[in-house]
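Hello,

Here is the structure I said I would pass on to you. My notes on what was found in it come after it.

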Amino acid sequence: MKRRSKNLITFLFIIGVGIFCIYISDDLERQFIKKDVPLPTDLHPKVNEAKKALMNRAAEAGIEIVITAGHRTKEEQDALYEKGRSTGGQVVTNVAGGGSYHNYGLAIDFALKLDDGDVVWDMERDDNGNGESDWMEVVAMAKDLGFEWGGDWSSFKDYPHLQMDFGFTMRELKNGHRPDESEYATN
């Protein structure tokens, strides 16, 4: 009988601690949620600056790139999310509007531009003739500029995707936190 009482008391204690932790967690989350913070409408200044630098560095290496996506509205992201689901085509993203770093102006996508003006996503191509993949040369340049590459992700590899998260998780961004733009303002 004593053993059952002890087990019951231990069980109730664990349940009580769990409920307390959930309460504290919810309270802390509420404290860190910033209300009424609109989504950005353009690329973050540092991302924009790094995008321009990437295009210049690639051109200097004999590689012309095109930025195929930058900032996206929530509605644009939702439309992309529907591809391969409720609309035709292949799935191109696993996140709906508000869940992409593009929605916060912190990501770009790129492709290679050919001499005839066509745009390709060919990771093997070596048009500058140096024996290296032009794609991977651009990725190395992007990483050097502070971008994270979607091709390094363990799930849903996104090879054209480059982002700067500034240490912010998607949850923090959704809760209204934003990288400080003032420190990156250009003159």
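The secondary structure of the chain comes to 5 helices and 5 strands. Please keep in mind that this is a predicted model. Read along the sequence, the elements follow the pattern α-α-β-α-β-β-α-β-β-α. The chain has 187 residues, of which 33% count as buried.

**Strands**

I would begin with strand S2, residues 107-113. Of its 7 residues, 6 are buried, so the strand is largely enclosed by the rest of the structure.

- Val66 has Ala111 in S2 as its bridge partner.
- S5 is joined to S2 by 3 bridges, again with the strands antiparallel. Here Ile108 has Leu162 in S5 as its bridge partner.
- S3 (residues 119-120) is joined to S2 by 2 bridges, and this pair is antiparallel as well. Lys113 is bridged to Val119 in S3.

S2 and S3 also form a hairpin, with 5 residues between the two strands. In the turn of that hairpin, Gly117 has a positive phi of about 95°.

**Helices**

Helix H2 covers residues 45-60 and helix H4 covers residues 134-144. The two pack at an angle of about 140°, and their axes are 10 Å apart. How does that angle class the pair? An angle over 145 degrees would count as roughly antiparallel, and H2 and H4 are therefore oblique to each other. The crossing in which H2 passes H4 is right-handed.

**Aromatic rings**

The structure holds 2 aromatic pairs. One of them is formed by Trp149 and Tyr159, with 5.8 Å from centre to centre and 55° between the planes, and is tilted. What does this pair tie together? Trp149 lies in strand S4 (residues 148-149), while Tyr159 lies in the loop between S4 and strand S5 (161-163), so the pair links parts that are 10 residues apart in sequence. The two residues can also be described by their accessibility. Trp149 is buried, with a relative accessible area of 5%. Tyr159 is partly exposed, with a relative accessible area of 33%.

**Backbone angles**

Which residues have a positive phi although they are not glycines? Phe156 has a positive phi of about 45°, and Phe166 has a positive phi of about 55°. Phe156 is placed in the loop between S4 and S5. Its relative accessibility is 32%, so Phe156 counts as partly exposed. Phe166 is placed in the loop between S5 and H5. With a relative accessibility of 25%, Phe166 also counts as partly exposed.

Two C-alpha distances remain to be listed. Lys174 lies in helix H5, which covers residues 170-174. Is Lys174 buried or exposed? Lys174 has a relative accessible area of 53% and is exposed, because that value is over 50%. Lys174 and Leu39 are 135 residues apart along the chain, and their C-alpha atoms are separated by 8.9 Å.

Lys46 has 31% relative accessibility and counts as partly exposed. Between Lys46 and Pro179 there are 133 residues along the chain by numbering, and the separation of their C-alpha atoms is 10.0 Å.

**Where to look**

The loop between S4 and S5 can come last, with Phe156 and Tyr159 in it.

Regards

Note on methods:
Residues numbered from 1 in each chain as written. Predicted model: local features only at pLDDT ≥ 70, side-chain atom pairs only at ≥ 80, totals over all residues. Heavy atoms only, no water. Phe/Tyr/Trp six-rings, centres within 6.5 Å; stacked < 30°, edge-to-face > 60°. Helix = DSSP H or I, 4+ residues; strand = E, 2+ residues; numbered from the N terminus. Buried < 20%, exposed > 50% of the residue type's maximum accessible area, 1.4 Å probe, protein only. Pairing = 2+ DSSP bridges. Axes fitted to C-alpha atoms, helices over the stretch in contact; angles between N-to-C directions. Parallel < 35°, antiparallel > 145°, perpendicular 65-115°, else oblique. Left-handed = near helix turned anticlockwise from the far one by under 90°.
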